[in-house]
Amino acid sequence: MATAPAMAQDVTGTWLRDTGASRVRFAKCGEAVCGTIAWLKDPNGPAKIGQRIFYDMKPAGAGKWSGSAFNPEDGKTYSGTMTLAGDALTTSGCVLGGLICRSVKWARAN
């Protein structure tokens, strides 16, 4: 039986991007969490349904994970982080040791 704090920190499930352009399904992958594109508003762009865009996201503190993030728009993989606060998820991809980062906000879709 899960406890309330564990449920509050559960990132698994489907999340809608703040722009409404995509949904990503986060699920366990071994000892980590991975995110796969589950739905796209525009299926003709560079991103594809079923494409994994978050890899090897491992716990890095309460409500935080770190791993890798793939950007289908430029074909590059970045160091990535995820931060969960209630039903709001923020993902960030960074380059140059965290000097330049881009964040995306997500809302729980399920």
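I100 belongs to strand β8, which spans residues 100-108; strands are DSSP runs (E, at least two residues), numbered from the N terminus. This is a predicted model, in which local features need pLDDT of at least 70, side-chain atom pairs count only at pLDDT 80 or more, and totals for chains, interfaces and linings use all residues. Residues are numbered from 1 along each chain as its sequence is written, and side-chain values use heavy atoms, with hydrogens and water left out.

I100 counts as partly exposed because its relative accessibility is 48%; the class lies between buried (under 20% relative accessible area) and exposed (over 50%), with a 1.4 Å probe and protein chains only.

**Salt bridges**

Two salt bridges are found in a search of the whole structure, each defined as a side-chain nitrogen of Lys or Arg within 4 Å of a carboxyl oxygen of Asp or Glu.

| Salt bridge | N to O distance |
|---|---|
| D56 and K58 | 3.8 Å |
| R108 and D87 | 3.1 Å |

R108 is partly exposed, with a relative accessible area of 24%, whereas D87 counts as exposed at 54% relative accessibility.

How values were computed: Helices (H or I, at least four residues) and strands (E, at least two) are DSSP runs, numbered from the N terminus.
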